[in-house]
Amino acid sequence: MQTNYQRLWDQCLGVIEDIIPDAAFNTWFKPIIPLSYENNKFTIQVPSQFFYEYLEEKYVNILKVTIERVIGVGTILNYRVMVDKTTGGTVDYVTEPPSAGVKKITPKEGNKSPAPFTQPVAQDLDSQLNPKYTFGNFLEGKSNRLVRTAGETVALNPGTTTFNPLFFWGPSGIGKTHLCNAIGARIRELHPEKKVLYVSSHLFRVQFTDAIRKNTTNDFLYFYQNLDVLILDDVQDMIGMDKTQNTFFHIFNHLHRLNKQLILTSDKAPVDMQGMEDRLISRLKWGLSAAIDRPDTELRRKILLNKINHDGISISEEVINYIVENVTENIRELGGILVSLMANSVINNHDIDMALAKRIVAQAVRVESKSLSIQTIMEVVCKYFNLEISALQAHTRKQEVVLARQIAMYLSRKYTDCSLSHIGKVIGNKDHATVLHGINSVANLMATDKSFSAKVENMQTILKK
């Protein structure tokens, strides 16, 4: 029948086995025999003095942290060293937390003098978080609402929610790095005692390679497995790196087993990570695995207006609409285009108008060709709603006609180079403000009503044929 101290030691070995290479584990930990656990003192037997000294030199921190986590803080580790195997003679050494420097105890001194272990404190650890990335400036939309909410939940109680790991993915430039930094910052704010680290997968791989070269792999593992929150950005960079993946696999297991929080991002969904170990992919899906989509029209507008207000510049609604409609893939591009507009405006002493906006946007993104006529667009819209084209010109407030007219204005703005004034003149003889209102109304409806959005997209499909 297995004793209590044997069960405790088996649990310790389970943790240690994930930390160090198999050869080192078999050589330095399998020969250890647990002897007793009494009065908060855990006694193990090691084969020789050299064995004891090697453990104290190479694995003292791993032993200390593991025993405290499995058995309890303040547990005293007592070594019993076999001096003469033929007579069974032993020498005892004890390791306790409260002193400064490991002290070896001779048989005459008994077990009275402690040997300390200094633990890194959270305040001493550089979290590598970017202070510019917070929840305060991470704007929410349909595309990121789920992961933002999950991130805020994780920050309140890291490691104890079902969102562990929290893994989210999506294309470049949609806010993944911003969000994971914001989660880390909130955790440090609410839980200053937690050791939080943000690191890119590329840097993790460089550190691991450097540790192998310098023969400091154990220190590398110990550092990462002593964290409370590990934020690993761009895990797809580990694809094809078998040794790095294997090492991270053990770190992941260790942290997850101890209810430490893992937050990971990627530009690929787990199913698309060819070259990543299956066992690692399965762990990425243990908690919450979710996508961040490209920002919709509403969120793009919100982000752009926030940047405009922050920089204190003046841009017409017409230019804003043009940027929001054409810069659809990447949030970073919105900021870059705004910077370019401001720079051109200041240097050339010129207002930010549509001509400048079109030139700058065309340099950054592929702008859809606008070769359709307003007449063609009105025909498609009216056919879709089963209306006569003359209905768009009539002075009526029938909801169906007003909506069809607004959609025609929206599509004319998107698929032609005509000014708002010209669009208004052709469609119902409306003024510039009415056209702008109609365009905004359609854009807002598309962002909030999936059924309506599908109708407009169907009309766009017909126009592109």
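Which backbone oxygen lies 2.8 Å from a polar atom of the side chain of asparagine 326? The oxygen belongs to tyrosine 322. Before we look around further, keep in mind that this is a predicted model. The protein has 465 residues, and 49% of them count as buried. Its chain folds into 20 helices and nine strands.

**Asparagine 326 and its helix**
- You'll find asparagine 326 in helix α12, which covers residues 317–326.
- Its relative accessibility is 13%, so asparagine 326 counts as buried, the cut-off being under 20%.
- On the polar side of things, the side chain of asparagine 326 has that backbone oxygen of tyrosine 322 at 2.8 Å.

**The whole protein**
- Take the contacts between residues at least 6 apart in sequence: 69% of them join residues at least 24 apart.

**The five-stranded sheet**
- Five strands line up as β6-β7-β8-β5-β9 in an open sheet, and their pairing is parallel.
- β6 (196–200) and β9 (288–291) are the edge strands; each has a single partner, so one side of each has no neighbour in the sheet.
- On average, neighbouring strands here are turned by 10° against each other, if you ignore direction.
- Helix α9 (residues 242–257) packs on this sheet, where it touches β7 (229–233) and β8 (261–266).
- The direction of α9 makes about 140° with that of β8.
- As a bit of background, strands of a sheet pair through backbone hydrogen bonds, either parallel or antiparallel.

**A closer look at strand β5**
- Strand β5 spans residues 166–169 and pairs with β9 in the parallel sense over four bridges.
- β5 also runs parallel to β8, and four bridges join these two strands.
- On the β8 side, leucine 166 has isoleucine 263 as its bridge partner.
- On the β9 side, phenylalanine 167 has serine 289 as its bridge partner, while phenylalanine 168 stands opposite alanine 290.
- In a regular strand, side chains alternate between the two faces of the sheet.
- Here, Leu166 and Phe168 point one way from β5, Phe167 and Trp169 point the other way, and all of them are buried.

- In soluble globular proteins, nonpolar side chains tend to be buried together.
- The largest nonpolar core in this model has 58 residues, and Phe29 and Leu230 touch the most other members.
- Helix α1 (residues 4–19) gives the largest share of this core, with seven residues.
- Setting aside neighbours within four places in sequence, leucine 230 is in contact with a list of residues including Leu197, Val199, Tyr224, Phe248, Ile251 and Leu255.
- Gln261, Leu262 and Ile263 are also among the contacts of leucine 230.
- There's a second, separate core too: it has 31 residues, among them Val381, Met409, Tyr410 and Val435.

**Proline 21 in its loop**
- Proline 21 lies in the loop between α1 and α2 (22–28).
- With a relative accessibility of 42%, proline 21 counts as partly exposed.
- Proline 21 and asparagine 218 are 197 residues apart along the chain, yet their C-alpha atoms are separated by 8.6 Å.

Key. Residues numbered from 1 in each chain as written. Predicted model: local features only at pLDDT ≥ 70, side-chain atom pairs only at ≥ 80, totals over all residues. Heavy atoms only, no water. Buried < 20%, exposed > 50% of the residue type's maximum accessible area, 1.4 Å probe, protein only. Polar contact = N/O pair within 3.5 Å; in protein donor to acceptor, adjacent residues only side chain to side chain. Core = buried A, V, L, I, M, F, W, Y, C linked by side-chain atoms within 4.5 Å. Contact = heavy atoms within 4.5 Å. Pairing = 2+ DSSP bridges. Axes fitted to C-alpha atoms, helices over the stretch in contact; angles between N-to-C directions.
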